[in-house]
Amino acid sequence: MNLQEVMPRLGFGTYGRWKEEGVEAILAALEIGYRHLDTAQTYDTESQVGTALRRSGLARGEVFLTTKISTENYGEGKVVPSLEASLSNLGIDQVDLTLLHWPSPNGAQPLATYLEPLLDAQDRGLTRYIGVSNFTIALLDEARSVAGEGRIANNQVELNPFIQNKKLANYCAEHGILVTCYQPIAHGRLGEDPVLVDMANRYSTTPEQLALAFELAKGYAAIPTSGKVERIRSNFAAQQLNLTPEDISLIETRDRNLRAIAPDWGPDWD
Ligand SMILES: NC(=O)c1ccc[n+]([C@@H]2O[C@H](COP(=O)([O-])OP(=O)(O)OC[C@H]3O[C@@H](n4cnc5c(N)ncnc54)[C@H](OP(=O)(O)O)[C@@H]3O)[C@@H](O)[C@H]2O)c1
């Protein structure tokens with residue numbers, strides 16, 4: 001089965017879900033019904049994810065887990081041991097999806113030097129699927145040529161109504177790469193847009209639910225997070241919201257290319 005058939009489209013982001021409070025929020029997400037958790041080596045939440053999973057009583061196979069390799073682990077002989085350390089933090093023997101968190105800062109290291117070890121890790125069964133994050137079209141072209149067709153299953157990028165990344169998303173659709181939206185609710189800023197607020201009022205919902213319903217309707221995955229149970233529940237309920245084609249088109253007009261996460265060592269965005 002390919003990733004498109006397997007990955008629950010609404011996941012729970014875990015950046016900031018630290019300590020016991022973090023475990024409780026992740027556990028609440030699992031109790032509400034989320035079956036996809038997103039972590040990363042740099043988030044310091046892998047152990048919270050593992051603890052919440054065990055406390056939930058859910059079988060390992062019921063929850064889709066993503067982690068990401070930190071750029072600090074791209075050096076010679078470091079990628080696979082770092083993934084083994086992630087598995088140990090998570091308390092599992094295989095992650096569902098492993099992403100390269102960012103292209104090498106300032107392009108300092110050739111892509112093949114950190115993508116090839118990830119392909120080896122997949123061949124060894126440490127991860128079911130592999131993918132990338134914060135990759136541009138040019139970098140995806142390069143990754144597809146290093147990895148071979150069909151192996152890069154996912155690109156996780158900043159995407160919400162304020163930054164819709166249409167060119168990149170179209171490229172991913174053409175090449176069978178599932179897009180996962182990070183910051184899918186623009187970090188709680190969507191209420192600044194009167195058009196979204198009006199539309200939310202029409203549907204008796206929130207701008208955040210609108211954004212998530214929009215992203216799911218476009219065929220993307222989305223991974224909102226919150227430390228508040230009511231918001232965790234309300235974000236999950238966005239899956240019940242069906243937008244009309246006219247309202248999807250109206251949300252498309254709200255794109256402002258408003259990128260929140262753009263480190264100066266990052267790639268030249270599309
Ligand atoms: N691949 C990457 O480079 C990358 C980069 C960034 C993030 N991510 C992933 O994406 C996940 C989500 O991104 P994010 O955490 O940056 O942003 P986000 O999910 O768009 O926004 C989270 C923020 O919005 C607030 N919020 C949550 N639900 C809300 C609601 N219904 N109404 C109003 N405000 C709400 C939260 O505050 P409260 O906690 O107070 O509710 C929190 O401050 C992360 O946890 C991480 O897993 C990946």
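## Briefing: a predicted model with a parallel sheet

Strands β6 and β7 are joined by 5 bridges and run parallel. They belong to an open sheet of 8 strands in the order β1-β2-β3-β4-β5-β6-β7-β8, with parallel pairing. Two strands are taken to pair if DSSP finds at least two bridges between them. The model is predicted: local features need pLDDT of at least 70, side-chain atom pairs count only at pLDDT 80 or more, and totals for chains, interfaces and linings use all residues. Residues are numbered from 1 along each chain as its sequence is written, and side-chain values use heavy atoms, with hydrogens and water left out.

**Overall form**

- The secondary structure of the protein amounts to 11 helices and 8 strands; helices (H or I, at least four residues) and strands (E, at least two) are DSSP runs, numbered from the N terminus.
- The radius of gyration of the protein is 18 Å, which agrees with the value near 18 Å that a compact globule of 270 residues would have. This radius is taken over C-alpha atoms, and the globule rule is 2.2 Å times the number of residues to the power 0.38.
- The C-alpha trace spans about 55 × 40 × 35 Å along its principal axes.
- Of the 270 residues, 55% count as buried. Buried means under 20% relative accessible area, exposed over 50%, and partly exposed in between (1.4 Å probe, protein chains only).
- Among contacts between residues at least 6 apart in sequence, 76% join residues at least 24 apart; contact means heavy atoms within 4.5 Å.

**Surface and charge**

- The protein exposes about 11800 Å², of which carbon and sulfur atoms supply 48%. Accessible areas come from the Shrake-Rupley method with a 1.4 Å probe; for residues, only the protein chains shown count as cover.
- The 24 positive and 35 negative charges have mean positions 4 Å apart. Lys and Arg count as positive and Asp and Glu as negative, while His and the chain ends are not counted; each charge is placed at NZ of Lys, CZ of Arg, CG of Asp or CD of Glu.

**The sheet, strand by strand**

- Strands of a sheet pair through backbone hydrogen bonds, either parallel or antiparallel.
- The edge strands are β1 (12-13) and β8 (221-222), each of which pairs on one side only.
- Strand β1 is joined to β2 (residues 36-38) by 2 bridges, and the two run parallel. In β2, D38 is the bridge partner of G13.
- Strands β2 and β3 also run parallel, with 3 bridges between them. D38 has T66 as its bridge partner in β3.
- In β3 (residues 64-69), 6 of the 6 residues are buried. Both faces are covered, with F64, T66 and K68 on one side and L65, T67 and I69 on the other.
- In β7, 5 of the 5 residues are buried. L178, T180 and Y182 point one way, whereas V179 and C181 point the other way.
- Opposite L178 in β7 stands N154.

- Helix α9 is mostly covered, with 9 of its 11 residues buried. The buried residues are P207, E208, Q209, L210, A211, L212, A213, F214 and E215.
- The cover over these buried residues includes β7, α8, β8, α10 (229-237) and α11 (245-252).
- A211 is found in α9 (residues 207-217) and counts as buried at 1% relative accessibility.
- Not counting residues up to four places away in sequence, A211 touches P161, P184 and L190. A211 and P161 are 50 residues apart in sequence, yet their C-alpha atoms are 6.3 Å apart in space.
- Just after α9, G219 takes a positive phi of about 90°.

**Loop residues**

- N165 lies in the loop between β6 (152-158) and α7 (166-174). With a relative accessible area of 12%, N165 is buried.
- Leaving aside neighbours within four places in sequence, N165 is in contact with V157, E158, L159, D255 and R259.
- Most residues other than glycine have a negative phi, and most peptide bonds are trans.
- N106, which is not a glycine, has a positive phi near 55°. N106 is placed in the loop between β4 (95-100) and α5 (111-123), and at 63% relative accessibility N106 counts as exposed.
- Q183, although not a glycine, has a positive phi of about 50°. Q183 lies in the loop between β7 (178-182) and α8 (194-202).
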